[in-house]
Amino acid sequence: MVHFILRRLMVMIPTLVAISMLVFFLIQLPPGDAITSRLAELHAEGAEVSEAQIAALRARFHLDDPMPVQYFRWVTGFLRGDFGYSIVQEQPVNVLVYDRLGYTVLIAISCVLFTWVIGFPIGFYSAIRQYSASDYTFTIIAFLGMATPNFLLALGLMYLGHRYFGTTIGGLFSPEYMGEPFSFGKFVDLLKHLWIPMVVVGMAGTAGLVRVMRANLLDELQKPYVVTARAKGVGSLRLIFKYPVRIAINPFISTIGWMLPMIFSGDAIVGVVLNLPTIGPLLLSSLMTQDMFLAGSLIMIMSTLTVLGTLISDLALAALDPRIRYD
Amino acid sequence: MFRKREKKKRKPVGPRGSQSLWERMRGAVQAIILLIAAIWFLGWLLDRVAEPPRVEFERRSDPMPATEPDGSIPPDSWPAEWFKPPRTASEMGITAFQEAPMLKELVERGELPPVEERLPVDPIVIHPYEGVGRYGGTATVVDHWILNPPESLLRIGPESRRAIPNLAESVEVSEDGRVATIKLREGLKWSDGHPYTSADFKFYFDHVFRNEELTPIQPAPLNEAECIVIDETTFQYRFETPQPFIREHLAHVSERYVAPRHFLKHHHVDFVERQELRARARQLGYQDWIGYFWSVYGGRHSREVLGTPVITPFRLKSITMQVDVFERNPYYPKVDPEGRQLPYIDRFEMHKDLDEEVLTARAGTGEITVEGMRLRTSDIPLFKLGETAGKHETFIWNRLHASDVILQFNLTTPDPVLREIFRDVRFRRALSIAIDRDEINEVIYFGRATPRQATVSSSSIFFDEEFASAYAYYDPEEANRLLDEMGLVDQTGDGRRNRPNGRPLNITLEWLALETPKMETMELVTAHWRDIGIHVSLREISASLQHSRSVGNMMEATLWHADRTTDILFTTEPIWFVPILRDWQVSIWPLWVEWYRSDGESGEEPIPEARQVLDWYREFRMSMDPERRLELGRKILGAQAENLWVIGTVGLAPQPLVVSTRLRNVPTRGYWGWDNRWTTPYYAESWYLEAEE
């Protein structure tokens, strides 16, 4: 197994190098660059921008160097843990990411928990009570959940939250707590706001989970080994948990690794709509403004996490499913 | 329990399909009934729980405010005092000064000198719009400058026409226009109590402006100036050429021409070892000392407040990820007519990075104390609707843009046939009179804007009714006639006019979505043009593309909003009417600009009409005779009215300003724009918050 892990880690290196090149050059493909986007921003703030300032900015960020030189400077910084410098926001990428990481992980993990806590039992219940009123109810809700765009749900919930519960529109805190240090009151306030992103981001996931769980479990329930076990008098619940459920959750284990990049970035669109201080909106805006070091570094971090996540998935799957062997 | 259920399910022998239809659908029907009942019940319950009350409040703004026929705001909308230089405490006979309770506490604890020592020798007295206010309160904003306007040497008057004294007691321009002598008020202080003097202007000029690392290419007019300190409160800018409009320029942006010397010299390469500065910069994550210096200059690094002194009403207090907190400047040099030091508001929070929709929703529910910049005209009904909660009121100000959308056909476009067509004045006139401006006004601006040709803003001294009405009427038949006369006829019978050689005439208009309702306007305008057989395809492009294609003379047509059309900026940068600027917002004549800038070395020689305008402009820029300047300015505008270098649509458009019902002293009418720095002419430092009930 150690051998297996080592081999996989070795393969990761060329993969990541290839990704880094691709990312760096793709971001610069469209015409223009971060400087012109910066100008748009300055202008929107009412500043007057001259050709002079453009030239100064280009020189300061070495944008006139040849592409390979710029790439090399960026990549070598990566190795030292220096993710470069955001041109548009005039701040080191490390600071920007570090600022948002906590809330991003908090929201993502609460979403995953929400998804699992709601999704698994419902999927399970739907499967063993196929075609009952409750199965249909959950099915309808699940389909609605999958079909409704997240941002629409977010807008709707924000409206309800404001109209009926008086919560601030968007954000994770009420205005009175925003500038304050963390306290118990602030924590309660956070919980008041956290449910909206949790439900919104979790909804589609939950709905998908319910459907997949139900389908997988139904497949298994029809198999002869279940009938045999039942005939031999194994208790119904115990039987279902011991065999069909274990097989039914295989697809989830194999995708567990994908959660890593998701936890890191959060949902960009929902983040924007709900005004969450997460990394998703940061990535989105950096791509839109061609802020190449910020966007490139974020994508690189996510790629690394994806590659790592896949490895974790494989390991977990092998541990859980005896049919899978290292080779 | 499960077993029983499973058995029941398996009872029918054979595949599931043999279950009766009802047996399979019963569950579905039950589920649908259940869901509908649940949703209905939930809705009923929620409506019971919270029915927001309608709150009646005394409205300050007139729902249908009177406008002059030319679209400008009547001058009696503002106190007469605002048009005159502000009086000082000694002129008003004020001898005793008071301060905010917050500061009094600090004085009593000995942490701050008494108010008399903090104020200048003779403080500026501000005449508040409604009356003397109350100290205290915390405001919520999304743009800090809306409550914390820049403090320049001079200030722009409420009608965006003249410059009146502010931090400078006077700005004298010599007869030949080459020397501007600035006399600062005695005893002004930075927010840390250090004197604010000529030396700070000199420091900015010598060490920031003239430093080639910080300012590699120096913009006009300071680029040809020298800064000379006479004494502590007097200094001069000496120019090589006459600068008749230097007062307007100083009123507009001179808050940038000063820097706290005593503070910044510890962070500048002229005073500190370069090695040491670089080490400091590296430590904070900057690539070089330049980035480090600019962040000290701006007073902030990441989440850290660097305490750089300011002269504005508020200073930065703390930074968090989503909120910046600003607190009052204890050394602010202005008082109200009772001798109480301004500003009235204790502090304000600026919420950052708000999504446009979230911001609109927050403003529409009264969660923001005051905002205008990022609110859209089309959302005015929404803001009005939200007023029933009694938390805010929507004031309708007017944007200073002489035209909200200004259409530009590139007169030096690469395609020779198109260039020939665009240069024919009949084409531009035809396209102008084909636009139904009244329809645009009704559909997009609720009839509250002013249909007009592209020219200066109505409040300008250069304004003439004829400039605004030139070819701004609607006459599609005449437009058709003009185009036929040019030989642009529909040769194929498909409803589109063809080029003279029979090829289809297609024009691509590239545009950038920024500020003003451009998309909505262009939907109407392209439809109007289709009616006369001119097909214009719209292509929305990104900011980077707008910049590179405009500067690179690659566009056929584009659009922008006509800012810089007041006496403050038309005088120094008449970019819409004279080929002097090649930048992302102007693509009327890039090659002519190059010709002008290179003194005829490169680019392309303009047509005689444009050369004439350039000649007028050269004289206009330097003439020290006000009569002659007025005449030349009008000639330049007359040429625009005749030639239509740019085509205007509607201007002086309604700009929503959502104001909390608690925020007082905000004028109900005003001009909104970069030309007058938004709230600066309206004394935002005297706005105050009423106590919460």
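Mentor: Two strands pair if DSSP finds at least two bridges between them. Strands (E, at least two residues) and helices (H or I, at least four) are DSSP runs, numbered from the N terminus. This is a predicted model, in which local features need pLDDT of at least 70, side-chain atom pairs count only at pLDDT 80 or more, and totals for chains, interfaces and linings use all residues. Residues are numbered from 1 along each chain as its sequence is written, with chains lettered from A and ligands numbered from 1 in the order in which they are written.

Trainee: What makes S5(B) and S6(B) a pair?

Mentor: DSSP asks for at least two bridges; S5(B) and S6 (residues 179-184) of chain B have 5, in the antiparallel sense. For Ala168(B), the bridge partner in S6(B) is Leu184(B).

Trainee: In which order do the strands of the open sheet in chain B stand?

Mentor: The order of the 4 strands is S5-S6-S8-S7, with antiparallel pairing. S5 (168-173) and S7 (225-231) of chain B each have a single partner strand, so they stand at the edges, with one side of each lacking a neighbour in the sheet.

Trainee: Why is Leu614(B) called partly exposed?

Mentor: A residue is buried with 20 or more other C-beta atoms within 10 Å of its own, exposed with 12 or fewer, and partly exposed in between; C-beta atoms are placed from the backbone. Leu614(B) has 17 within 10 Å, so it is partly exposed. Leu614(B) lies in helix H21 (residues 608-622) of chain B.

Trainee: How far apart in space are Leu614(B) and Ser160(B)?

Mentor: They are 26 Å apart, C-alpha to C-alpha, and 454 residues apart in sequence.
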